[in-house]
Amino acid sequence: MTTADPAQTVVRGACPHDCPDTCALLTTVENGRAVRVQGNPTHAATDGVLCTKVSRYAERTYHSERLLQPLRRVGPKGAGQFEPVGWDEALDEIAARLKTIAARDPQAILPYSYAGTMGLVQSESIAARFFHQLGASLLDRTICASAGAEALTQTLGNKVGMPVRMFAHSQLIVIWGSNSIGSNLHFWRIAQEAKRQGTRLVCIDPRKSETADKCHEHIAIRPGTDAALALALMHELIVNGWLDQDYIDRFTLGWEGLRERALQWSPERAAQVCGVPVAQIRQLAQDWGTTPAAAIRLNYGMQRVRGGGNAVRAVACLPALTGAWRHPGGGLLMSSSGHFPVRRAALQRPDLLGQRRPRTINMSTIGDDLLRPASPEFGPQIEALIVYNSNPVAVAPESGKVVQGFGREDLFTVVLEHFQTDTADYADFILPATTQLEHWDIHTSYGHTDVLLNRPAIAPVGQARTNTDIFRALAQRMGFDDPCFAQSDESLCRSAIGDADDFEQLLAHGFASLPVPDAPFAQGGFPTPSGRCEFFSQRLVDQGLDGWPDHVPNYEVPQAGGRYPLAMISPPARNFLNSTFVNVQSLRDIEAEPVLEMHPQDAAERGIADGAVVRVFNDRGTYHCKARLNQRARSGVVNGLGIWWRKLGLNGTNVNELTSQHLTDLGRAPVFYDCLVQVALVGSAATPA
Ligand code: SF4
């Protein structure tokens with residue numbers, strides 16, 4: 001796009017970050033340099049607005065600590081000491097090491113990646129082809145959303161829901177497990193608009209978040225008790241006759257079993273478990289049961305506990321019980337990503353494996369798995385790790401073990417990165433990667449239903465190369481000659497989405513909308529095997545699991561007199577996105593220091609004043625941070641805002657020093673919010689019970 005100033009161009013793009021909003025970007029370029037990154041006003045979901053974090057994208061792109069050339073380790077593992085090396089030398093050495101390991105067993109090589117970019121091309125296209133051709137271990141990408149994803153799939157048939165735009169027509173919006181102001185800003189703008197029209201907003205969250213502040217009501221539930229609350233709401237819908245029996249009969253499966261289970265959950269019983277007043281449960285049930293266009297914006301915070309999958313299943317049953325799906329503005333949205341016809345097999349080429357069936361490693365247990373020796377059950381020890389789009393040393397649970405694993409002198413580690421993160425400190429080679437302003441990509445979304453194209457706005461900074469280019473160069477050195485490794489990024493973008501997408505429109509406008517109806521399940525038509533909303537899932541029974549949703553208690557429940565009496569959750573600090581942006585000075589200045597929010601009563605019992613440096617600890621480790629005393633924490637629960645880089649923390653750790661490697665009931669996901677701790681003043685010997 002040209003502008004009034006002939007020295008400037010504006011390039012259309014997409015935000016790459018792990019956020020449901022997937023904003024359309026406009027990058028203003030002057031003399032080859034990005035000078036401004038703004039929201040595209042013609043993209044309805046973005047509406048011309050970006051969050052504070054990505055408004056600083058130019059600052060991040062030209063950051064003085066940006067990695068500009070390949071680096072080779074010169075010091076001990078983890079010391080972060082490197083020397084510059086040429087690309088050819090680095091790639092030759094990496095390929096030689098991988099060839100040697102692959103000759104023994106390619107499964108000893110593990111890719112480790114997640115959503116550092118959500119782009120389909122710079123995440124899993126050429127990289128996936130490379131690892132498939134190699135026969136490397138497969139990675140189970142579970143670290144954020146797989147419990148909820150599995151639960152939605154078992155209940156609604158896929159990661160589908162009501163279009164986000166339709167929340168503007170809701171009469172009641174329940175924001176469940178989400179600080180939308182911080183992590184779903186564009187939905188929040190719609191909810192605010194609805195509120196101005198008279199819509200009631202209810203927030204369910206253990207933390208009294210910035211979003212809870214602005215809702216009509218906040219239900220400060222105990223972590224990991226959401227299914228109990230959902231079942232008690234069902235109980236009230238049943239006993240008060242607030243059901244849409246016609247919708248249930250025609251469009252759901254397993255009603256009688258769900259009814260029987262829900263009737264075991266009186267509001268009194270749920271109130272005991274959830275730690276909320278009975279009256280609040282009854283009132284929410286009445287609101288839900290008597291409001292036609294009632295909607296839930298469910299997010300991923302609440303599924304980070306042992307019973308997270310069951311909890312999402314229970315909540316996802318609620319709109320069908322009252323027939324909310326019939327109404328424009330009624331229903332539920334957790335993820336919209338299942339609406340997109342992505343051609344994953346064409347992008348990732350699993351056929352390159354041939355007859356080989358490598359083992360799968362769960363990314364959420366990388367701490368344990370890096371420390372495992374070879375065995376018949378596990379297979380070969382992990383000898384090489386290629387990390388891209390992820391910072392596991394900071395974000396994976398039980399980071400004491402993750403650090404120990406990454407610190408193995410015999411582990412060969414390559415990290416593709418923008419900055420020298422906690423993980424990059426442990427690399428043998430760091431390869432500088434391009435940012436979103438420097439490469440092609442194509443994006444779906446998990447918060448709306450538009451496809452976005454990202455064009456490169458500027459040339460790669462320094463010697464940075466795209467992920468795809470790096471894996472192409474490695475493939476060539478490994479002798480992989482399948483023509484698929486030569487496919488260009490623009491061509492990959494073109495082939496990524498099925499026919500529903502018009503690539504010419506993407507080139508012209510930067511985005512294209514999928515034709516999702518206003519009320520997609522008004523007449524059932526769920527993409528489940530039965531075509532109904534499956535309260536009962538035969539597929540779960542076939543796996544030996546419960547067919548109906550239930551409350552599954554946390555692994556770690558406070559016990560009277562127990563050593564660790566406080567439940568800790570670790571929601572993101574508002575100006576960070578997981579561990580991204582922690583090194584952007586202007587954003588870190590706002591967050592100031594690692595913080596633990598504590599209820600004043602819990603703090604007083606421990607002699608802790610506001611601003612005191614505290615140690616938060618359990619059997620897995622110790623984390624130092626500043627205590628912030630306020631009502632954002634409910635009594636008995638502390639909020640460790642994340643995710644700080646370990647090396648920028650007060651004692652070289654972060655909140656994941658405390659989290660465990662247990663997994664959720666569905667989806668094999670981590671249980672970051674199912675974690676007991678104790679808190680004491682630094683220097684104090686006291687460990688109050
Ligand atoms: S709101 Fe989300 S999608 Fe939009 S710019 Fe910020 S991080 Fe990116």
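Which residue in β25 does Val613 stand opposite? In this predicted model, for which local features need a pLDDT of at least 70, side-chain atom pairs count only at pLDDT 80 or more, and totals for chains, interfaces and linings use all residues, Val613 stands opposite Lys626 in β25. Residues are numbered from 1 along each chain as its sequence is written, and side-chain values use heavy atoms, with hydrogens and water left out.

The protein chain contains 24 helices and 27 strands, where helices (H or I, at least four residues) and strands (E, at least two) are DSSP runs numbered from the N terminus. The radius of gyration of the protein chain is 25 Å, close to the 26 Å that the globule rule gives for 689 residues, so the chain is as compact as a globular protein of that length; this radius is taken over C-alpha atoms, and the rule is 2.2 Å times the number of residues to the power 0.38. Taken along the principal axes, the box filled by the C-alpha atoms of the protein chain is roughly 70 × 65 × 55 Å.

Strands of a sheet pair through backbone hydrogen bonds, either parallel or antiparallel. Two strands are counted as paired if DSSP finds at least two bridges between them. An open sheet is formed by three strands in the order β1-β2-β3, with antiparallel pairing, and its edge strands, β1 (8–14) and β3 (33–39), each pair on one side only. On average, and with direction ignored, neighbouring strands of this sheet are turned by 25° against each other, the axes being lines fitted to C-alpha atoms (for helices over the stretch in contact) and angles running from 0 to 180 degrees between N-to-C directions. Seven bridges link β1 with β2 (residues 24–30) in the antiparallel sense, and within this pairing Val10 has Thr28 of β2 as its bridge partner. The antiparallel strands β2 and β3 are joined by six bridges, with Arg33 of β3 as the bridge partner of Glu30. The hairpin of β2 and β3 has two residues between the strands, and Asn31 takes a positive phi near 50° there.

A closed barrel of six strands runs β22-β26-β23-β25-β24-β27, and its pairing is mixed. Within the barrel order, β24 (residues 613–618) and β25 (residues 621–629) run antiparallel and are joined by six bridges.

The largest pocket has a volume of about 1300 Å³. On a 1 Å grid over the protein atoms alone, a pocket is an open set of points with protein on both sides within 12 Å along at least five of seven lines, whereas a cavity is a set where a 1.4 Å probe fits but cannot get out; lining residues have an atom within 4 Å of a point. Grid points are joined across faces, edges and corners, and a volume is the space filled by probe spheres set on the points. Of the 41 residues lining the largest pocket, Tyr114, Arg141, Lys159, Arg344 and Gln348 are the closest to its centre. The elements giving two or more residues to this lining are α4 (126–134), β7 (138–140), α5 (146–156) and α15 (344–348), and the largest share, four residues, comes from α15.

The second largest pocket holds about 420 Å³ of space and is lined by 22 residues, of which Ala44, Ala45, Val164, Arg165 and Ile190 lie nearest its centre. At least two residues of its lining are supplied by each of α7 (185–196) and β20 (511–513), and α7 gives the most, with four residues.
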